[in-house]
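Notebook open, model loaded. I went through it piece by piece and wrote down what I looked up.

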Amino acid sequence: MDIKKSAVAGTLESSDCQVTVEPGDGGIDFSLDSVVIHQYGNQIRSLTYDTLNDLGISNVRISIVDKGALDCTIRARIEGAVFRSVGQYDKLPWGGAIR
């Protein structure tokens, strides 16, 4: 799957995150701003790369502003932003069906 346009999912509310994806310049360009970066930054990074891999994304600029979101929320926001960027709004494989 290729990122076609910029897209955003999520909010900046407590316990949520805002994910922005844009077409990449080759590879994965990852940016993280998190209130819990010292405790969970490596986990968020690993989760992001795993989710992108599950979606077949290898060329993207992704930015996450995290306000203490759980892993399931981060994964859902990444999936939401990616599906919006490619214009897929129907028959979405939510709930871990993406592999």
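**Entries on the fold**

I started with Y49, which is partly exposed because its relative accessible area is 27%. My cut-offs are buried under 20% relative accessible area, exposed over 50% and partly exposed in between, with a 1.4 Å probe and protein chains only. Before going on I noted that this is a predicted model, where local features need pLDDT of at least 70 and side-chain atom pairs count only at pLDDT 80 or more, while totals for chains, interfaces and linings use all residues. Residues are numbered from 1 along each chain as its sequence is written, and side-chain values use heavy atoms, with hydrogens and water left out.

**Aromatics**

How many aromatic pairs does the structure hold? I found 1 aromatic pair. F30 and Y49 have ring centres 6.0 Å apart and planes at 65 degrees, so I logged the pair as edge-to-face. The rule covers rings of Phe, Tyr and Trp (its six-membered ring): centres must lie within 6.5 Å, and planes under 30 degrees apart count as stacked, over 60 as edge-to-face and the rest as tilted. The pair links distant parts of the chain, with F30 in strand β3 and Y49 in helix α1, 19 residues apart. Helices (H or I, at least four residues) and strands (E, at least two) are DSSP runs, numbered from the N terminus. F30 counts as buried because its relative accessibility is 16%.

**Helices**

Next I walked along α1, residues 37-55. Its buried residues are G41, I44, L47, T48, T51, L52 and L55. Their cover includes β3 (28-34), β4 (60-66) and α2 (71-85); contact here means heavy atoms within 4.5 Å. Just after α1, I noted that G56 takes a positive phi of about 75 degrees.

How do the helices sit on the strands? I have α1 lying across β3 and β4, at about 145 degrees to β3. α2 lies across β1, β2 and β4, and runs at about 150 degrees to β1. Axes are lines fitted to C-alpha atoms, for helices over the stretch in contact, and the angles run from 0 to 180 degrees between N-to-C directions.

**The sheet**

In what order do the strands form the sheet? I read β1-β2-β4-β3, an open sheet of 4 strands with mixed pairing. Two strands pair if DSSP finds at least two bridges between them. β1 (7-10) and β3 stand at the edges with a single partner strand each, so one side of each has no neighbour in the sheet. On average, neighbouring strands are turned by 10 degrees against each other, direction ignored.

I then took the pairings one at a time. β1 and β2 run antiparallel and are joined by 4 bridges, and G10 stands opposite Q18 in β2. β2 (residues 17-23) also pairs with β4, in the antiparallel sense, over 7 bridges. In β4, D66 is the bridge partner of C17, and S63 is that of T20.

V65 is partly exposed, with a relative accessible area of 21%. Not counting residues up to four places away in sequence, V65 touches L12, D16, C17, Q18 and D33.

**The β1-β2 loop**

The hairpin of β1 and β2 has 6 residues between the strands. S15 lies in this loop and has a positive phi of about 70 degrees although it is not a glycine. S15 counts as partly exposed, at 48% relative accessibility.

S14 lies in the loop between β1 and β2 too. UniProt, in an unreviewed entry, places "modified residue: O-(phosphoribosyl dephospho-coenzyme A)serine" at S14. I kept in mind that UniProt positions are given in the numbering used here, feature names are shortened, and annotations may be inferred rather than shown by experiment. Is S14 buried or exposed? S14 counts as exposed, at 64% relative accessibility.

**Cysteines**

How many disulfides does the structure hold? I got 0 disulfides, taking a disulfide as a pair of cysteine sulfur atoms within 2.5 Å. For C17 the nearest cysteine sulfur, that of C72, is 10 Å away. C17 is buried, with a relative accessible area of 0%, whereas C72 counts as exposed at 55% relative accessibility.
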